[in-house]
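Hi everyone, thanks for coming. I'd like to walk you through one model today, so let me put it on the screen.

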Amino acid sequence: MRSALGVMLASAVSVFVIVAVWFWTYSPRAVLAAPDTVSARQAERLPAAASAKSARALSDEIEVTATIAARPSAVAPSTVASSTVKPSAALPSPALPAALLQPKAACANADALGVSRVVEIDTTGGPGFGFEHFKQLDFLADKEVVLTFDDGPWPGNTPAVLKALADECTKAVFFPIGKHATYHPEILRQVAAAGHTVGAHTWSHANLNSKKMTEQQAKDEVEKGFSAVKLALGAAPSPFFRFPQLQHSPAAMAYLGSRNVAVFSCDLDSFDFRAKDAAQIVNTVMTKLDKQGKGIILMHDFQKHTAEALPTLLGRLKAGGYKVVQMRAKAPLQTLAEYDEGLVKDMKLPTVSARALSNVVQTVSQ
Ligand SMILES: [Zn+2]
């Protein structure tokens, strides 16, 4: 029994020794295996580093792509502009705001009066238009008319005129008063944005043919008027001018010629400023047109009755077979810096009085 017990003990010791030797032999490798795992992880970082490189490459690509993408987008508008602006050359200035450069949407009114043709005017030397005063340039064919509007911009009336013109998808020439342009620049911007031609009509609607008017004063009225329109539009106006009350002074005519500004009289006067109602304006214009057959029509977007008459008048023009010609300038007017700057200074004059309204204005009788 003792020998059997001894064998069992010996076997147990042997097993213990074997296990101990195995453990001592392999467990350090298990510990050493850890760096292998770590190095394996480090190895796994290589793709991470590679992906970092590829991320940089991607960002490079993005930058390159953006640069490439920017070029066509920079080229596209100029391509559009050159193909759109050149034929018309209507737009008052290369510095015209982008909103004003956008081509107009197609006319929604299939039966609109529209514009039958667009003429571009080279204003070199100051050509005159309108047979009431200037008879050299007879460019209108029978049944052709040019719509012109003076004395705006004015709240209510000018927007109503613009709506009537837009409803018929037709265009006109506007001769705004400089002072009015400074009062309501946003309305004048609507006129330009709608694609109409914008000239000028003096600063304060002074009679430039008055005996009291000096040549310098007449020059100031002309130039300050154009500078005021430019200030309102943020772009140079067309070099188109109409004398207040059609009072052409020879000296002012010579001056405008030296400035390469076209002078507009008219072929038929609507006398809308003294009409008792809209119907009278329609009758006056249509009676004269049917007699003369064509012409530059003088109206006032400043006048309420004109705004009221316009939808009917445009409808009568269409029904009568008349066609609207739009006049545009070949190049914008170069305003004079001294007047541009002088006007800005005037506009920034501080308000002298800071007194409360009730201290300034009191009702003394009611
Ligand atoms: Zn006027």
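How many salt bridges does the structure hold? The structure holds nine, where a salt bridge is a side-chain nitrogen of Lys or Arg within 4 Å of a carboxyl oxygen of Asp or Glu.

Before I show you some of them, a word on the ground rules. This is a predicted model, so local features need pLDDT of at least 70 and side-chain atom pairs count only at pLDDT 80 or more, while totals for chains, interfaces and linings use all residues. Residues are numbered from 1 along each chain as its sequence is written, and side-chain values use heavy atoms, with hydrogens and water left out.

Let's talk confidence. The mean pLDDT (the predictor's confidence in each residue, from 0 to 100) is 79 for the protein, and 70% of its residues reach 70 or more. Over residues 17-102 the pLDDT is below 50, and beyond near neighbours in sequence this stretch has 37 contacts in the model, a contact being heavy atoms within 4.5 Å.

Now the overall picture. The protein has eleven helices and ten strands; these are DSSP runs numbered from the N terminus, with helices being H or I of at least four residues and strands E of at least two. Of its 366 residues, 38% count as buried. Buried means under 20% relative accessible area, exposed means over 50%, and partly exposed is in between, using a 1.4 Å probe and protein chains only. Among contacts between residues at least 6 apart in sequence, 80% join residues at least 24 apart.

Back to the salt bridges. K318 pairs with D111, the closest N and O atoms being 3.9 Å apart. That pair links distant parts of the chain: K318 lies in helix 9 (residues 304-319), and D111 in the loop between helix 2 (98-101) and strand 1 (117-121), 207 residues apart. K318 is partly exposed at 35% relative accessibility, and D111 is exposed at 54%.

Next, E144 and R117 form a salt bridge with closest N and O atoms 2.7 Å apart. E144 is buried, at 8% relative accessible area, whereas R117 is partly exposed at 31%.

The side chains of K230 and D340 also meet in a salt bridge, at 3.3 Å from N to O. This one joins helix 6 to helix 10, across 110 residues. Here K230 counts as partly exposed at 29%, and D340 as buried at 19%.

And what coordinates the zinc ion? The donors are D151 through OD, H201 through NE2 and H205 through NE2, at 2.0 to 2.1 Å. Donors here are N, O and S atoms within 2.8 Å of the metal (3.2 Å for Na, K and Ca), and sites may look incomplete because water is not among the atoms. In sequence the spacing is D-x49-H-x3-H. D151 sits in the loop between strand 3 (144-150) and helix 3 (157-167), and H205 in the loop between strand 5 (197-198) and helix 6 (215-233), 54 residues apart. D151 is buried at 9%, while H205 is partly exposed at 24%.

That's my tour, so over to you for questions!
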